[in-house]
Amino acid sequence: MGDIRLMKGNEVIAEAAIRCGCDGYFGYPITPQSEIMETLMIRRPELETGMVVVQAESEVAAINMVYGGASCGKKVMTSSSSPGISLKAEGITYLAGAELPALIVNIVRGGPGLGTIQPAQSDYFQAVKGGGHGDYKLIVLAPASVQEMNDFVDLGFELSHKYLNPAMILSDGVIGQMMEKVELSEFKPRWTEEEIIAKSGTWATTGKTADRERNISTSLDLDSAKQEVFNHKLQAKYRAMEENEVRFEKIDCDDADYLFVAYGSSARICQKAIELAREKGIKVGLLRPITLFPYPTKAIQEMLGQVKGILSVEMSAGQMVEDVRLAVNGKVPVEHYGRYGGIIPTPDEVVEALEQNFLGE
Amino acid sequence: MTATTELKNIISEENVVYKKTSVLLDNEMHYCPGCTHGVIHKAIAEVIDEMGIQEKTVGVSPVGCSVLAYNYLDIDWQQAAHGRAPALATATSRLMPDKYVFTYQGDGDLASIGCAEIMHACNRGESIVVFFVNNAIYGMTGGQMAPTTLEGQVTATSPYGRDCHTTGFPMKMSEMVAMLPGTRFVTRESAETPGAVRKLKKAIRKGFENTREDKGISFIEIVGTCSSGWKMSPVQSNVWMKENMFPYYPLGTLKDE
C-alpha cells in the first residue's frame, strides 16, 4: 500500500511534482490555484530534492523561466488559472516552436476577462485549439479526480519529454479545491547532469563541450522553406500523438442508447446523472476523454452504431461539442448542455437536458 | 623573394601577436556597416576564451538585431521571446548554478517590452551578466523610437523629433537598476575606440567573475551606434554618439560592490 492521504487537488499537484523529480516550478499567484505554489513554499523541496521554486513577477516571466529551464533539459513546470494562462500564451507557443518539454497546469475559472474565481471549463478552445499563435498543439490531460491530479503530473512530464512538446493539465476549480483520498506516487530522484546529457545532449543548453556542436534553443527560422519543413515535422509529431496517446474512459456504455461526452468535473456530474437517468429507465453511458488533445475521436465513432443521441456536457457555452460533432459528422444528433460563468450544473439538470433534447419531454 | 613568399614567411606561429578567438565563429555577420554589435560580440567572445569558460557559458539572445547572436559565438544559446531574456537566464542560472549565464539585449528589448523582467531579475540579484546595448533606436524593425531615444531625435515613429511631453523621456536604465540592492556591478561602457574596447573587456571579465562568486547581477550597458537607423555614415554616427549620447548617458561605473 502506498502513501494514502486526504488532500486538495491543488496541494496534490505540488506534492506530485516534488515526488516525480521535478527540477523547477515557476509561478505567480492567482485564484483558484494559489495552493500549488503555497504548498511548494511550505514543503521547501530545495532542501529535500534540490527542486527550485520561484515566485515570478508575472505569469509572463514565469512561463519564460519555464522556457529557460526547459532549454536546459530539466523537468520544469508552471501553474495558473485562466487569465494567467492567457498571459502565458506567448511563452507556450515559443515552447512548442522550440520543441521544449514543460508542464503547464490550468485550474480553470470562469471568464471572459477577469470573469470569476469560480470553476469553469471555458478554456477548452484555448488549450486544445491554440491559445497562442501558429500551428501548434499541446498534449492536454483532463483529470476528473484528485487521484488523477497526482497521476497526470508524472504522465505530463513523461509525455512532454517523449515528444519534446509542452503538456497541459486542464483542470478546474472544482478538482483543484476539493479534497479526496489520494494515493501519492513513490519518490523518484531528479535526473543527474549525466542523465540529462545522455537523454537530451543533442539539444539541451548544458554548456557546449568540445565533442559537440553548440545547442541553440530557438523557434526562429527566417527561411520560409525551412520553416515549412519544420512545420511538417511538428504536424508529424501531432499525428504520432493521435496514433499513440489517446486516453479515455467508458462508463456504462455497453447497453447505452444515449451517450454523455464529458471531461473533468462535468464527467463526475454525468456519472451521477447516469444513475438518476437509469432509475427512470433511460439507458445512458459516459465517454470521458482523458486526453483532450489527442482527442478520442475514434472511440466516439465506435459508439455511433449503438447510440441514438449524444449530449456533450461542459461548463462552457459549448466548446468541446465542436470536436464531438466533427467526430460524429452528422450521423447522430449531438447537443450541448452547459452552465457557465462559474455555475456548476446539477445531475438533475443534466438528465433534464438529455430528456429535453432526445426524449421529447 | 616574391612578395607572396615574403608574406607567407611572415605569417607563422612565432610571429602571431593577435588572432581571432575561436569562440567567435566564422559565420558572416548580418549586422550593418558601422554597427557596434560585432565589436561587442568579439569582446565577449575574447573574454570567454581568456577565462576558459566556453564549456560553461550559456547566452540568452533577445528579439531585435542581435536575435541571431547565436550564429556568432560558439557557445550554447537560448533565444528568448521579446524582452524575456532575464526570465530565461533566471531559471538557467538557478537550475545550473555552476554555469556562466548572460543575456544580450537591446534597448527596445530591455528598456521597453522587457522592463518588468530586467527590473525583477536585478531586484532578485540573479547570478547573471546582462549586456545592454543602447543605441537609442529599434534597429531590426526599421528605426523606430525606443525608450532611450533622445529628446528631439528623429526616428521612423518620431519623424518630427521625439517630443518628451507626449512620448516620455529617455530612460536611464543603468541609473535605475543601480538603485536596486540586488545589483552588484553596474557600468556604462562604449566600444568606439581600442581604448574603450579594452575598458569594456575589463567590465565583461568583472561581470563573469561576479557570477562565479555568486555575487548577484552585473549590468553592463554599452552605448552604441545604429548607422542605418540614425541614417548616418559610420564615422558620422560615432561623432553623433559622442556629442549627443555620452552627455545624456555618461560613461563610467555607477556601482561596484
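## Naming the elements

Helices (H or I, at least four residues) and strands (E, at least two) are DSSP runs, numbered from the N terminus. With those labels in hand, let us walk through the structure, which is a predicted model.

## Chain A as a whole

Chain A contains 14 helices and 15 strands. Its radius of gyration is 21 Å, close to the 21 Å that the globule rule gives for 361 residues, so chain A is as compact as a globular protein of that length. Along the principal axes, the C-alpha trace of chain A spans about 75 × 50 × 40 Å.

Of the 361 residues in chain A, 54% count as buried.

Chain A is divided into domain 1 (3-184) and domain 2 (248-358). The C-alpha centres of these two domains of chain A lie 26 Å apart. Their contact takes 24 residues from domain 1 and 21 residues from domain 2.

On the domain 1 side, the elements that give two or more residues are helix H6 (124-128), strand E6 (139-141), strand E7 (167-172) and helix H8 (173-177) of chain A. H6(A) gives the most to this side, with four residues. By residue class, the domain 1 side divides into 16 nonpolar, six polar and two charged.

## The seven-stranded sheet of chain A

Seven strands of chain A make an open sheet with mixed pairing, in the order E3-E2-E4-E5-E7-E6-E13. Strand E3 (52-55) and strand E13 (291-293) of chain A stand at the edges, each with a single partner strand, so one side of each has no neighbour in the sheet. From one strand to the next, the twist averages 20°.

Helix H2 (residues 35-43) of chain A has several buried residues: A:Glu35, A:Ile36, A:Met37, A:Thr39 and A:Leu40. Just after H2(A) comes A:Arg44, which takes a positive phi of about 50°.

A:Ile216 stands opposite B:Trp77 in E2(B). Within chain B, four bridges join E1(B) to strand E3 (residues 100-106), again in parallel, and B:Gly59 has B:Phe102 in E3(B) as its bridge partner.

## The contact between the chains

Altogether, 29 residues of chain B are in contact with 32 residues of chain A. On the chain B side, strand E1 (57-61), strand E2 (76-79), helix H3 (85-95) and helix H5 (115-124) are the elements that give two or more residues. H3(B) gives the most, with eight residues. The chain B side divides into 14 nonpolar, seven polar and eight charged residues.

## Backbone details worth a look

Most residues other than glycine have a negative phi, and most peptide bonds are trans. A cis peptide bond, with omega about -5°, joins A:Gly111 and A:Pro112; A:Pro112 sits in the loop between strand E5 (103-108) and H6 of chain A. The peptide bond from A:Phe293 to A:Pro294 is cis as well, with omega near -5°, and A:Pro294 lies in the loop between E13 and helix H12 (297-301) of chain A.

A:Glu99 is not a glycine, yet has a positive phi of about 55°. Its place is in the loop between helix H5 (82-97) and E5 of chain A. Is A:Glu99 buried or exposed? A:Glu99 counts as buried because it has 20 C-beta neighbours inside 10 Å. A:Asp252 also has a positive phi, near 55°, and lies in the loop between strand E10 (248-251) and strand E11 (258-261) of chain A. With 18 other C-beta atoms within 10 Å, A:Asp252 is partly exposed.

Technical notes
Residues numbered from 1 in each chain as written. Chains lettered and ligands numbered in written order. Predicted model: local features only at pLDDT ≥ 70, side-chain atom pairs only at ≥ 80, totals over all residues. Contact = placed C-beta atoms within 7 Å. Nonpolar A, V, L, I, M, F, W, Y, C, P; charged D, E, K, R; others polar. Pairing = 2+ DSSP bridges. Rg over C-alpha atoms; globule rule 2.2 N^0.38 Å. Buried ≥ 20, exposed ≤ 12 C-beta atoms within 10 Å, placed from the backbone. Axes fitted to C-alpha atoms, helices over the stretch in contact; angles between N-to-C directions. Domains from an automatic or database assignment.
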